Amino acid sequence: MKATAIAPANIAFIKYWGKKDERLRLPANGSISVNLSNLQTITTVDFSADYQEDIVIINHKKDKKEATRVVEHLNRIRHLAGIKNRAMVVSQNNFPTATGLASSASGFAALTVAAASAASLNLSEKELTILARQGSGSACRSIPDGFVEWFEGKNNETSYAHSIFPADYWSIRIITITLAYESKEVGSSLGHKLALANPFFKTRLLRINEKIKRIKRLIKEKNFRQFGEMIEREALELHAIALTSDPPIIYWQPETVKIINLIRLWRKENLSAYFTIDAGPNIFLVCEEKNLNKLIAKLNKIKEIKKIIINSPSRGTRLISKHLF
Ligand code: PMV
């Protein structure tokens with residue numbers, strides 16, 4: 001059987017950093033994110049007795065390293081469905097992977113929904129998020145619509161994601177700012193591991209549930225200023241953990257700091273925008289719709305920026321009828 005799914009990437013406002021169970025990918029804390037309308041992965045999965053082995057083609061290439069993780073995920077799905085057939089998987093991002101924008105969330109969300117359907121598994125959204133989480137933690141947040149909460153949970157069944165507000169609840173814009181660096185940074189897997197041994201990480205965890213409660217309230221009230229201040233502090237906290245890990249991880253580049261400083265300066269000039277940053281040098285600028293054009297004009301003048309992509313909050317992952325093969 002063949003099925004195809006389209007999945008958005010997501011950006012976290014309260015971050016997932018550190019796992020309390022490596023194998024199940026149970027996070028050390030809950031997290032809050034929004035799906036991004038213009039960073040998407042489309043994946044077609046076909047299970048058939050005709051295939052001698054699993055074939056995985058990502059962005060027109062066979063990639064051995066990625067394929068191992070994909071096959072592990074197919075095995076989870078085969079196990080659940082009680083099937084043995086091998087699969088052909090073809091996956092494409094609508095954004096360049098070399099730009100360093102995390103594709104594992106959209107990739108594993110699309111793979112989960114397409115493969116579960118191709119294997120004739122009839123799973124609820126909650127069950128799909130549980131399955132996606134085991135492939136790549138943050139992928140579970142790309143399945144429900146709009147603004148999403150991932151519950152930390154205590155075990156496999158209780159660590160899942162659900163929508164807290166639909167995509168059209170709040171018309172913020174998220175601009176991904178890609179800097180001229182290839183993605184050579186330390187992957188998030190090692191970062192998650194090192195965080196656990198970092199003494200500052202314990203302090204972060206003491207306050208995290210309070211932060212989750214507060215950010216949900218600020219989104220509900222559409223309180224952009226306080227929301228923006230909070231997401232910046234949260235991103236800085238994640239990088240403070242990375243910087244004080246052993247060995248230290250420095251994700252930023254000089255251009256990252258340059259743009260942080262510019263965003264802070266623009267605020268002084270009454271142009272409101274805030275940043276968040278994941279495990280890499282690129283910046284995600286968050287603004288209200290009314291300020292979008294002014295900000296784009298400013299960003300277009302910065303020569304260190306390689307690419308900008310404007311996103312709105314988006315729906316989650318869904319099946320589509322047009323297959324990639
Ligand atoms: O899903 P992973 O292992 O790539 O981890 C994602 C980690 C961050 O992007 C830095 C934070 C987050 O919550 O997405």
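Good morning, colleagues. Please keep in mind throughout that the model is predicted.

I begin with Arg141. This residue sits in the loop that runs between helix α3, residues 125–135, and strand β7, residues 147–150. Which side chain of opposite charge is nearest to Arg141? That side chain belongs to Asp278, and it is 6.0 Å away. A salt bridge requires a separation within 4 Å. Arg141 is therefore buried without a salt bridge. Its side chain does make a polar contact, at 3.2 Å, with the side chain of Ser33. Leaving aside residues up to four places away in sequence, Arg141 touches several others, among them Asn10, Tyr16, Ser31, Val148 and Trp150.

I turn now to the ligand. There are 14 residues around the ligand, and those that come nearest are Tyr16, Ser138, Arg141, Ser188 and His192. For Arg141, an N or O atom of the side chain is 2.7 Å from an oxygen atom of the ligand. For Ser138, a side-chain N or O atom lies 2.6 Å from a ligand oxygen. Tyr16 contributes through its backbone, where an N or O atom is 2.8 Å from an oxygen atom of the ligand. On its own the ligand has 380 Å² of accessible area, and the protein covers 92% of that area.

Finally, I come to helix α4, which spans residues 188–196. Which residues of α4 are buried? They are Gly191, His192, Leu194 and Ala195. These buried residues pack against strand β2 (19–21) and against helices α5 (199–221) and α6 (224–243). Thank you for your attention.

Conventions. Residues numbered from 1 in each chain as written. Predicted model: local features only at pLDDT ≥ 70, side-chain atom pairs only at ≥ 80, totals over all residues. Heavy atoms only, no water. Helix = DSSP H or I, 4+ residues; strand = E, 2+ residues; numbered from the N terminus. Buried < 20%, exposed > 50% of the residue type's maximum accessible area, 1.4 Å probe, protein only. Lys, Arg positive; Asp, Glu negative; His and termini not counted. Polar contact = N/O pair within 3.5 Å; in protein donor to acceptor, adjacent residues only side chain to side chain. Contact = heavy atoms within 4.5 Å. Near = heavy atom within 4 Å. Areas by Shrake-Rupley, 256 points an atom, 1.4 Å probe, with all protein chains shown as cover.
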